[in-house]
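Dear colleague,

Please find below the structure I said I would pass on to you.

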2 protein chains.
Amino acid sequence: MVHPDLMKVSNLLVNSADKVLLARNEAIDEAWQQILQDNISINIERGIPSPAQLALSQPLLDAPLSGGYIDVDGTDSRNYGQQQGLPIIRELFSPFMGVPADQIVAHGSSSLGLMYDTVSWAVRHGVPGSDTPWSKVKDATFICIIPGYDRHFAICEEFGLNMIVVPMLDDGPDMVAVENICRQYPNIKGIWCVPKYSNPTGTVYSDKVIEALASMETAAPDFRIFWDNAYCVHPLAENDRELASIYDACVRHGNPDRVLIYSSTSKMTLPGAGVAFMGASATNTAWWLRHATVRSVGPDKVNQLRQARFLKSPENIRALMEQHRQLLKPKFELVNTIFSEVLGCQQHVSWTRPEGGYFISLHVLPGTASRIVQLAAEAGVRFARSGSCYPYGRDINDAQLRIAPSWPETEQLRLALRVIAICIAKATAEKLL
Amino acid sequence: MVHPDLMKVSNLLVNSADKVLLARNEAIDEAWQQILQDNISINIERGIPSPAQLALSQPLLDAPLSGGYIDVDGTDSRNYGQQQGLPIIRELFSPFMGVPADQIVAHGSSSLGLMYDTVSWAVRHGVPGSDTPWSKVKDATFICIIPGYDRHFAICEEFGLNMIVVPMLDDGPDMVAVENICRQYPNIKGIWCVPKYSNPTGTVYSDKVIEALASMETAAPDFRIFWDNAYCVHPLAENDRELASIYDACVRHGNPDRVLIYSSTSKMTLPGAGVAFMGASATNTAWWLRHATVRSVGPDKVNQLRQARFLKSPENIRALMEQHRQLLKPKFELVNTIFSEVLGCQQHVSWTRPEGGYFISLHVLPGTASRIVQLAAEAGVRFARSGSCYPYGRDINDAQLRIAPSWPETEQLRLALRVIAICIAKATAEKLL
C-alpha cells in the first residue's frame, strides 16, 4: 500500500491549476518534513543482485571439483595456459553469444574488463582492417546512445576518445542519425550498444535496427560495434524477448569484423566471481588473444569449470534466470505501482516499464533531476547520480535519472521509492512555482 | 644413472687436444644418431608446476564456502564491489609483500596482468610524482637485467618502451651501472626486478643492492622499481633465503613511491586459479585503484576467500611450500647431476644451481645456443627459445638458455636432459672444429 501522504501529494499534483499551487506546495512540504524525521539511510544506486538472488547460486560455492578438473580436450584447468578459456564454458555460452565457441574468449570475471582491454589495444595498436591505432586518428570518436551506461562512457573518457550522442528510440538507437554519422566521418570508430533490456531504458533492439547496424556504410574501415549483451537472458516479463544475431547479420552483409560481443555470468550466478566472454570473428578473436597473451598467462579456468558444472546447459541457465525473474519482478512492479499512484497523472514525469534487465529510466521535468538527487540525499536515499547516463556525466536537460530496484528488500525499497517520489514532487513544484 | 653414451661423450670432451677432435665428434654423432631414433616428444619450455604439485592444493577445489562468504568487514564476497580485494587475503599476504595490508591490492589471477595494467596506466596517464605520461616522454626507457624474464620485456615492447640492459651479478643487478644510468637520464622510468630466486638465474638480491635501489639518485622523479617477487617463499634449499624489505628501505630513504611490489598464489596453489597482488605506498595504491575502477567493477572475491581459507596463515603457507620443495628439489638435482657428469669438465658450459625458484640458467659456448635449441627440437625436445631471456628475444652472444625442470615426471625429464646434453656437446664440437 502506498503511504497516505503520498496519495495526498498525488491528488494535489493532478490538479495543475494555478490556484492550488500554494496548497500543493504546502502538502508536499508537509510530506517532505516528515521523511526528514525518519532518519532513513538507503543506497540503491547501482544494479546489484540481492542476497536472495545470490543464494540461487549457493551450490556453486560448494561444488566439489576434485573428481574432474581435466576438461574434455585434456586441459588441466588447474595449471597455466589456455588463454582462450575452457571449451566447455565457451560452448555453453555460444548460443547466448550467437558466435561459434571457437571464436569466443572466456577470460576473467568482468566483461567490462574485456571491453576496456579491447579499447586499450585498439587505441594503442589499431584493430584488424586498419594499421592506424585509434590514438593516431584525429578526434577518434564513439557514438554514445543516450541515456546509456556510465561505465562505457568512462572508458572513452579514460582513453581520450570523443563521444557523440544519439538518442535512444523505442526499438534501439536513432538509426537515421547513426547511419548519417558513420557514413560521413572516418573518425567515427565505434558505438556502445546494450542491445537487450538496455541500461537504463530497457530497450530491446529490433531486427530492423540490428540489420541496419550490420549493413550500414561506414567511412571508417575499422569501425566497431561494442555489443554489450549483459542482459542476454534476463527477462522480467514472462516471455524473454528474442534478439536477432548481430554476428550473423554482419557476416551476411560482408562485415564479419564489425562487431565485438560481450557477456558474462555476473548477473546469472555471482557478480563477485563470474566469468566474462567476448565473441567475434576469428580475425578479431585472434587479434584479441595476441594482445591478451602479453597481459597474462591465461584466465582462471577453475572458476570457468565450476561455473560450467553449475550452469550445465542453456535450458538450465534459462531455468535459473526464471528464478531470478521471480525475485526481481515484484521489485520492478513496486516502482511502477508507487510511481503510478503518486506521479501517474503528473505530465512532467515518466518512467520506463522494462521487460528485462536491471533498470528503470526516470524522466523528470527538465532542470529538476539534480535537485531530486540532492533532496533524496538529504532525506537519506542515494539512488542515482544526475547525468550519470550521459557522456562526461552531463545531462544538459537535467531531466533523467536511473532507478535500480534489484538490491534492497521490499520494505527498504518501498521506503526509498516513497522518498524519491516525494522528492520528485517537491522539485517539480519548486520549479513550476 | 647417466646413459653410457653420455659418459663417453663427456670423457671425450674433457680432452680438448686437437688430435682427438675427430674421434670426439664421431662419438657425439653416434649418440646424436641414436637419440634421433628414439622418437622423443617432450616440451619443458615453461616453468609450470607438475600435477603432483597441483595435487597439494586439492582441498582448495572442494573447499565448501557456504558457511561464510561474508568477510570480517561485512563484505559479501559473492557480490560486486571491493575493488581493492578482500581484507582477509590482503592481510595474509602482507608479511610476504612487506607492505601493510591496506596498501595492498588483491585483484585477478595474474600478477603479470597487474604489472601490465600498471605500465599501461603509467604510459597513458603518468604516475604520482609527475604529470607527464610516459608516452609523452622522449625515449622512455626501462632497465632490463639480463638474463631476465621474457614476459617483462614483452610488456615494454607492447608499450613501445625502450630497453637498456644491465648484467645480473651474483647478488643482483650491476648497481654501478644501474646507479649511473638512473642518475644521468630522466627518461629512465623503470626497472624490472625478480629479486628472489630470479628468473632465470636464481639470484637473490643482497641487502646492499636493495639499499642501493631504494636510495639511489634518479634523474626521473617518477622512476619506478617493478618488484616482481614471484618466488617470495619458494626455496629449493632447506633454508629459505631472507630478502630485505624494499618498501621499508624506500620509505627510510624518502622514496616511498619508488617501488611497486607484485606477487601471487600462482605457484603456491593453482596457477590456473590464483590470486594476484600489488603492494605499494598509499599514494601509488590509490592511483592504481582509481584507474582499475574504470576497467572493472571489482575482482573475483570468492576465489580470494577460497584461497585465504585454504592457505590459512603465513606458517601454513611455508609448510605448503616445503611440500612443493620436496617435489621440485630432486628435479633440479637431476639437472645438476646429468649436466655435471656429462658436461662438468667442459670449460665452455656452465649452469646455475639455484637455491629457489623455477629455473636454471644455462651458459654455453657463444654462438651455439640457437643451434642447441634447433638440435634439441630435431630430437623432439622443446626446452627453451634462444634469446628469450633478453629484450626483443636477442642474445647477441647466442650463449644463454633457460632450463625449466618443474613440470615433467622424472623419467621424462631425464630423457629430455640427456637429449639437451648431447645437443650441447654436438653444437660445441661443431663450433670448435
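In this predicted model, the C-alpha centres of domain 1 and domain 2 of chain A lie 32 Å apart. Domain 1 of chain A is made of two stretches, 4-53 and 318-432, while domain 2 of chain A covers 71-312. Where the two touch, domain 1 of chain A contributes 24 residues and domain 2 of chain A contributes 28 residues. On the side of domain 1 of chain A, the elements that give two or more residues are helix H13 (314-343) and strand S13 (400-403), and H13(A) gives the most, with 7 residues. Sorted by class, that side of domain 1 of chain A has 13 nonpolar, 6 polar and 5 charged residues.

As for chain A as a whole, it has 15 helices and 13 strands, and its C-alpha atoms fill a box of roughly 75 × 55 × 35 Å along the principal axes. Its radius of gyration is 23 Å, which agrees with the value near 22 Å that a compact globule of 433 residues would have. Buried residues make up 55% of the 433 residues in chain A, and of the contacts in chain A between residues at least 6 apart in sequence, 76% join residues at least 24 apart.

In chain B, Gly190(B) sits in strand S6 (residues 188-193) and counts as buried because it has 25 C-beta neighbours inside 10 Å, where 20 or more are needed. Leaving aside residues up to four places away in sequence, Gly190(B) touches Phe142(B), Phe223(B), Arg224(B) and Phe226(B).

Most residues other than glycine have a negative phi, and most peptide bonds are trans. A cis peptide bond, however, joins Ile146(B) and Pro147(B), with omega about -5°, and Pro147(B) lies in the loop between strand S3 (141-146) and helix H7 (150-158) of chain B. The bond from Asn199(B) to Pro200(B) is cis as well, with omega near 5°, and Pro200(B) belongs to the loop between S6 and helix H9 (207-215) of chain B.

Positive phi values occur at Tyr392(A), near 60°, and at Asn39(B), near 50°. Tyr392(A) is found in the loop between strand S12 (381-382) and S13 of chain A, and with 12 C-beta neighbours inside 10 Å it counts as exposed. Asn39(B), placed in the loop between helix H2 (21-36) and strand S1 (42-43) of chain B, is exposed too, with 8 other C-beta atoms within 10 Å.

With best regards

Methods
Residues numbered from 1 in each chain as written. Chains lettered and ligands numbered in written order. Predicted model: local features only at pLDDT ≥ 70, side-chain atom pairs only at ≥ 80, totals over all residues. Domains from an automatic or database assignment. Contact = placed C-beta atoms within 7 Å. Helix = DSSP H or I, 4+ residues; strand = E, 2+ residues; numbered from the N terminus. Nonpolar A, V, L, I, M, F, W, Y, C, P; charged D, E, K, R; others polar. Rg over C-alpha atoms; globule rule 2.2 N^0.38 Å.
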